[in-house]
Each structure stands twice: as C-alpha cells, then as structure tokens.
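Student: Could we go through this model together, working from its sheets to the ligand and then to the backbone details?

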Amino acid sequence: MSTSAPGPLYQPAGTPAGLESVRRLVDTALDILREVSAARTGPVAPGGPGGARAAAAEALAAPLLPERGGDPGEVLAGLVRPYAQWSVDITHPAALARMQPPPTDVAAAAELVGAVLNQSLHAWESGPFALELDRWVIGQLAELVGYDGAEAGGTLTSGGSVSNLMAMTMARDTTIAEKLGRYAFQEGLLRLGVQPVVLCPRGVHFSVERAVRLLGIGEDNIITVPVDKQGRMIPEEADRILTGLPEDRIAVALVAVAGSTDLGIVDPLPELAAVARRHGVWLHADAAYGAGALFSPRLRPMLDGLAQADSVTLDLHKFGWTPASSAALLVRRAETMSSFGLQPTTCLSADDDTCAGYIGAQNTSLQTTRRVDALKIAVSMRALGRETVAAMVDTCHDLARHAAARIAAEPRLELGTEPPLTAVLFRYLPGHGLDADDFNGRLRRRVMEEGRALLARTHIAQEDGGSRVFLKLMLLNPETTTGQLDLVLDDLLALAAAMEAAAADA
Ligand SMILES: *Cc1c(COP(=O)(O)O)cnc(C)c1O
C-alpha cells in the first residue's frame with residue numbers, strides 16, 4: 001500500500017490552479033463546438049427521435065459514476081461532442097420552433113463566471129454582491145415595466161411558469177386578506193368557507209391552469225372570460241362575471257395575457273385593470289413572451305397599461321437574448337410578496353442579523369439555494385444598450401411580417417393572422433382530399449426528421465368550436481435575413497408538394 005502523501009481528491013474551479021484548468025477545459029469545449037458547428041448541415045442532425053436515442057445510447061454506455069473517474073478533458077470532450085451534435089442549433093436561420101433566442105456572447109461568459117463562483121441568493125453570506133446585483137436588476141426591470149421603483153418589488157425566477165405560480169399565490173393570499181381579513185396560507189382554504197375562483201381568457205398559458213391546481217383552488221374554479229374576434233378578453237364580460245358571482249365565491253385573480261404564446265394577443269390591459277380595481281381582484285399580466293415589446297418604441301404601445309397590473313411575468317430567456325434561466329416576476333407593491341416569507345427555523349434570518357443588514361432573498365422565492373441570473377442579464381443589457389435591443393426586437397418583428405406576407409401570397413399556404421409580435425402561424429393546404437391537420441403534422445415531423453428546419457405546431461380554436469393544426473414560426477434571431485427565411489419557406493413548399501404527390505400516387 002502506498003504511504004506517500006495523498007494528492008488532492010479533485011480540482012476545485014475557483015482556486016488559481018483551478019482557474020487555469022477551467023480555461024483549458026473551456027478551450028477544449030469551444031474547439032469542439034466550433035468543429036461541430038462547421039460540420040452542420042441544418043438546424044438539427046437528421047434522424048429524428050430515433051437518431052437522438054441512438055447517439056445517446058452510444059455516448060452514455062459508461063455509468064454515471066464509474067468506479068474510477070476519468071481525465072476531465074476527455075470526459076468533457078466525450079459528452080460535449082454528442083451533446084453539441086444533437087443540440088438544436090438555435091443560431092441557424094431554419095431554427096424557428098421555440099422561444100429560444102441565440103444568447104449574447106457576454107451573457108454566455110457571465111454564465112461561466114456564475115458557475116465558477118457558485119454564489120447563491122438565500123443568505124447574505126452566500127453571495128453579498130450577488131444579492132445587491134439581484135435587487136438592482138429587479139428594480140431596473142420593474143422600471144422597464146413602468147412600476148414606481150420605490151413601491152415595486154419582485155424576484156428573478158426560473159421561468160414564466162414559476163412566475164405565474166408565484167403570482168397566483170400572491171393573488172389568492174392578497175385578495176383574500178384584503179376582502180376577508182384572513183390568511184389562506186395560514187388557515188387553509190376549507191376553513192374560509194368561500195371558494196376562490198380565477199378568471200382568465202381562453203388560450204391562457206397552461207402554467208396558469210397548473211398553478212390553480214397546485215394552489216388548491218381547483219381547475220373547475222377557473223372561469224373563462226369570452227374574447228372578441230381578435231381573441232382579446234372582453235372587459236365588460238369580466239365585469240359581468242364578477243358582478244354576478246354568488247356569495248360563496250370569491251374572485252382572487254383576473255389573469256390577462258400580454259402577448260400570447262401562439263398569436264401574440266394582448267388583452268386590453270387598462271380596461272381590465274379598471275375592472276379588477278372595481279371588484280378588488282388581483283390583476284396578473286402574463287408578459288412572459290410579450291415583454292420583449294417593452295424594448296421597442298414601435299411596439300411598446302401594445303403594452304400600455306401593463307404597469308396597472310398587480311404582477312407581471314417577464315422572460316428575458318425568450319425575447320431578451322440571455323440564456324435560460326433569465327426570468328422575472330415583478331409586483332406593483334413589494335409587500336405583497338409576503339406569501340413567501342416563511343420565517344426560517346435556522347439563525348439565517350434572526351432579527352438582529354436582519355437589523356445589521358445581513359439579509360438574504362429567500363423570503364421572496366420558492367427556492368432556497370438559488371442561482372444568480374442577474375449577472376448575465378446585467379452584462380448583456382449593458383453591452384447591447386437600448387438602441388440595439390430595440391433594433392433587435394424590431395428586426396424580429398419585421399422578419400415575422402415578411403414571413404406573413406410571403407405566406408399570404410402563396411396559394412397553397414394559409415396564414416393564421418397578421419403577427420402582432422414575432423410568431424407566425426400558417427398551414428399547408430393539401431389537395432387530393434388529404435386531411436390538412438394530419439398533413440401538416442406529418443410535414444412538420446418530416447422536415448425535423450430530415451434536419452431541414454425546426455417548426456412548432458399548435459391547435460387554433462375555430463368559431464365552429466373545433467380546432468385546427470397550425471404550424472408556427474418563432475422569429476427571435478435578428479441575424480436571420482429575409483432571404484434565408486424565404487429559402488426555408490421554399491424548401492418547405494417543395495417538400496410539401498413532394499409529399500402530396502407521393503400521397504396521390506399511393
Ligand atoms: C413561455 C410562456 C410561459 C412559460 O414560461 P417558461 O419560462 O417557459 O416557464 C408562460 N406564459 C406565456 C405567455 C409564455 O409564452
């Protein structure tokens with residue numbers, strides 16, 4: 001048995017030697033990413049789900065925790081290569097499916113710093129500057145929304161889904177406290193003797209419905225507010241529903257969408273705010289995607305009235321060019337976040353510490369240990385500046401309008417609606433008695449399986465009560481040109497025509 005002094009068990013990232021090691025490892029990884037990028041033929045490798053599974057089976061043959069570890073550079077290269085090869089290339093002009101913008105270079109670098117320093121937001125001693133930075137970014141985002149900085153508050157979250165859950169929690173607790181002088185988070189809902197209900201339009205993001213389930217309100221207690229021809233919630237209808245609620249019901253939230261995921265619909269915020277105020281109901285605005293419009297003088301007026309909402313969901317990892325997670329929940333009155341203010345049982349937030357300024361951010365979050373997303377947001381926004389972000393947003397909107405005009409001009413394509421933001425819905429109209437829903441579903445799977453383009457798919461409700469399959473282009477890459485976009489549509493049309501011809505022959 002060896003008796004020599006044991007070497008270090010591992011190389012921590014943050015020491016002087018560790019930093020050099022990280023630099024070498026990052027070089028290795030970036031070289032691989034560059035090689036993979038140069039070898040790409042489209043936005044995703046051809047082969048579809050079977051191809052990804054086969055690549056994974058090969059790369060993941062060794063166990064997660066082998067008896068003896070390997071060389072970090074080799075281990076890293078061994079997984080980074082297939083990971084990159086089977087990543088979707090969100091910088092590719094035909095990557096049009098999802099709300100994943102290509103993030104800025106500086107934001108990616110900041111993510112690395114975040115990982116090396118591994119700060120957290122739950123206690124002062126877990127990240128002193130991180131806490132200051134986090135609070136400052138929240139304040140700046142609150143001002144972007146139009147809130148009064150002195151009163152407003154909020155938190156960075158892991159995404160719009162969590163922001164919506166938190167907003168619905170505050171809506172339930174604050175409205176019940178204001179109307180009944182009682183605390184749902186203390187007594188539970190049963191003892192209150194009234195049933196909370198939530199009003200929202202058809203087409204609200206599913207995370208709102210999930211929040212209603214999780215909060216014990218129950219999805220049967222969602223009241224769907226009718227919408228107008230443009231799909232916008234009708235304030236008079238919300239007013240009518242609220243006025244007619246039976247005694248044993250208490251409306252806790254009116255949820256408005258400020259930029260719906262598919263159609264970019266923005267509900268009439270000022271009118272809904274007036275209705276909510278009149279009935280003492282919390283107004284939540286889900287601007288997870290639509291908040292991008294705030295950066296553009298041209299599109300910003302769409303969101304007039306946003307600051308009248310009690311809470312706003314905003315994702316910068318969608319329409320803001322920072323990597324996930326970069327998301328916020330902002331509230332008009334900071335004190336309404338008390339729903340999350342459980343007193344910790346440890347000494348972490350003992351009063352004398354709090355008084356001395358040793359304050360963490362765990363009382364405004366669902367999480368305890370929490371990553372610091374504020375750094376990448378701050379450096380990315382500062383590096384871009386207002387003019388450039390506005391130009392990026394407008395360019396994406398222009399690309400969407402270009403795609404819509406091209407689609408409208410193609411006899412075999414049907415345009416959903418004019419895109420208010422950057423999502424373009426359309427469908428191919430096949431002949432030969434082929435079912436359009438089935439055909440568009442197959443068309444999308446085929447382009448993805450061949451690695452030619454990435455498209456999203458959605459159902460759009462029709463006036464007859466049914467719904468139809470539409471394909472969706474999500475334009476969040478301002479480096480894409482109209483010419484490249486035309487090529488994607490040309491390619492799609494050619495493939496659809498070939499599929500149609502093959503079906504006719506069969
Ligand atoms: C994307 C989206 C969400 C969910 O946000 P995540 O960050 O993906 O959790 C919620 N609401 C709307 C309107 C969205 O577009």
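The questions and answers below take up these topics in turn.

Student: Before we start, what kind of model is this, and which thresholds apply?
Tutor: Residues are numbered from 1 along each chain as its sequence is written, and side-chain values use heavy atoms, with hydrogens and water left out. The model is predicted, so that totals for chains, interfaces and linings use all residues, whereas side-chain atom pairs count only at pLDDT 80 or more and local features need pLDDT of at least 70.

Student: In what order do the strands of the seven-stranded sheet run, and which are its edges?
Tutor: Helices (H or I, at least four residues) and strands (E, at least two) are DSSP runs numbered from the N terminus, and two strands pair if DSSP finds at least two bridges between them. The sheet is open with mixed pairing, in the order β1-β7-β6-β5-β4-β2-β3. Pairing on one side only marks the edge strands, β1 (153-157) and β3 (222-225).

Student: At what angle to β1 does helix α5 run?
Tutor: Contact here means heavy atoms within 4.5 Å, and angles, from 0 to 180 degrees, are taken between N-to-C directions of axes fitted to C-alpha atoms, for helices over the stretch in contact. Helix α5 (residues 128-145) lies across β1, β6 (311-315) and β7 (327-331), and its angle to β1 is about 110°.

Student: How far is the polar side-chain atom of D315 from an oxygen atom of the ligand?
Tutor: A polar contact is a pair of N or O atoms within 3.5 Å. A backbone N or O atom of G160 is placed 2.8 Å from a ligand oxygen atom, and an N or O atom in the side chain of K318 is 3.1 Å from an oxygen atom of the ligand. For the polar side-chain atom of D315, the distance is 2.6 Å.

Student: In the four-stranded sheet, which residue of β11 is the bridge partner of T458?
Tutor: This open sheet has antiparallel pairing in the order β8-β9-β11-β10, with β8 (413-415) and β10 (456-461) as edge strands. Six bridges pair β10 with strand β11 (residues 467-474). The partner of T458 in β11 is F470.

Student: Which peptide bond is cis, and where does its serine lie?
Tutor: Most residues other than glycine have a negative phi, and most peptide bonds are trans. The bond joining A324 and S325 is cis, with omega about 0°. S325 is in the loop between α11 and β7.

Student: What is the phi of N118?
Tutor: N118 is in the loop between α4 (105-117) and α5. N118 is a residue other than glycine, yet its phi is positive, near 45°.

Notes. Polar contact = N/O pair within 3.5 Å; in protein donor to acceptor, adjacent residues only side chain to side chain.
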